[in-house]
Amino acid sequence: MSLTGAIVLYSVLWFLVLFVLLPFGQQSQADVGQVTPGTPAGAPHEPKLKKKMLWATVIAALIWAAIAYIIIAGVITRADLEAWTR
């Protein structure tokens, strides 16, 4: 795996994990009863983005490490993937 490939893989994983984490623990403004004028009632009350970004960083790093190990150690190679499609 090249450096560029590693960075792209981590970036994709980070955003994927972040978007999966966004709805967890979410309360809308309507649920709390404090709707800010000019916003929809379903808008998040406190999104807690810093906490979710930190968790996304940790989880993406763990997933990335597992995938990087599989690629670098040769557990699964391109030849294995090509043979699988036949």
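1. Thr-57 lies in helix α3, where helices (H or I, at least four residues) and strands (E, at least two) are DSSP runs numbered from the N terminus. At 34% relative accessibility Thr-57 counts as partly exposed, on a scale where buried means under 20% relative accessible area, exposed means over 50%, and partly exposed is in between, with a 1.4 Å probe and protein chains only. Leaving aside residues up to four places away in sequence, Thr-57 touches Tyr-10 and Trp-14, a contact being heavy atoms within 4.5 Å. The C-alpha atoms of Thr-57 and Val-17 are separated by 8.4 Å, although these two are 40 residues apart along the chain.

2. Before going further, please note that this is a predicted model, in which local features need pLDDT of at least 70 and side-chain atom pairs count only at pLDDT 80 or more, while totals for chains, interfaces and linings use all residues. Residues are numbered from 1 along each chain as its sequence is written, and side-chain values use heavy atoms, with hydrogens and water left out.

3. Along its principal axes the C-alpha trace spans about 60 × 30 × 20 Å.

4. Of the 86 residues of the protein, 15% count as buried. The protein exposes about 6,700 Å², and carbon and sulfur atoms supply 71% of that area, as computed by the Shrake-Rupley method with a 1.4 Å probe. Among contacts between residues at least 6 apart in sequence, 56% join residues at least 24 apart.

5. Helix α1 covers residues 3-21, and its 19 residues reach 27 Å from the first C-alpha to the last, close to the 27 Å expected at 1.5 Å a residue; the expected span is 1.5 Å times one less than the number of residues. Which residues of α1 are buried? They are Ala-6, Leu-13, Trp-14, Val-17, Leu-18 and Leu-21. Seen down the axis of α1, these buried residues fall within an arc of 130°, so they line one face of the helix, the arc being that of the directions from the helix axis to the C-beta atoms. On the other side of α1, Thr-4, Val-12, Leu-16 and Phe-19 are exposed.

6. Helix α3 has 25 residues and reaches 35 Å from its first C-alpha to its last, close to the 36 Å expected at 1.5 Å a residue. Its buried residues are Lys-52, Ala-56, Ala-60 and Ala-68, and they pack against α1. After α3 comes Gly-74, whose phi is positive, near 80°.

7. The largest nonpolar core has seven residues, namely Leu-13, Trp-14, Val-17, Leu-18, Leu-21, Ala-56 and Ala-60; such a core is a set of buried Ala, Val, Leu, Ile, Met, Phe, Trp, Tyr and Cys residues joined through side-chain atoms within 4.5 Å. The elements that give two or more residues to this core are α1 and α3, and α1 gives the most, with five residues. Not counting residues up to four places away in sequence, Trp-14 touches Met-53, Ala-56, Thr-57 and Ala-60.

8. Where is Ser-28 placed? Ser-28 sits in the loop between α1 and α2, and it is buried, with a relative accessible area of 15%. With residues up to four places away in sequence not counted, Ser-28 touches Ala-41, Gly-42, Ala-43, Pro-44 and His-45.

9. Asp-31 is found in helix α2, which covers residues 29-32, and is exposed, with a relative accessible area of 61%. Asp-31 and Phe-19 are twelve residues apart in sequence and 22 Å apart in space, C-alpha to C-alpha.

10. Finally, Lys-48 lies in the loop between α2 and α3 and, at 45% relative accessibility, counts as partly exposed. Lys-48 has a positive phi of about 55° although it is not a glycine. Most residues other than glycine have a negative phi.
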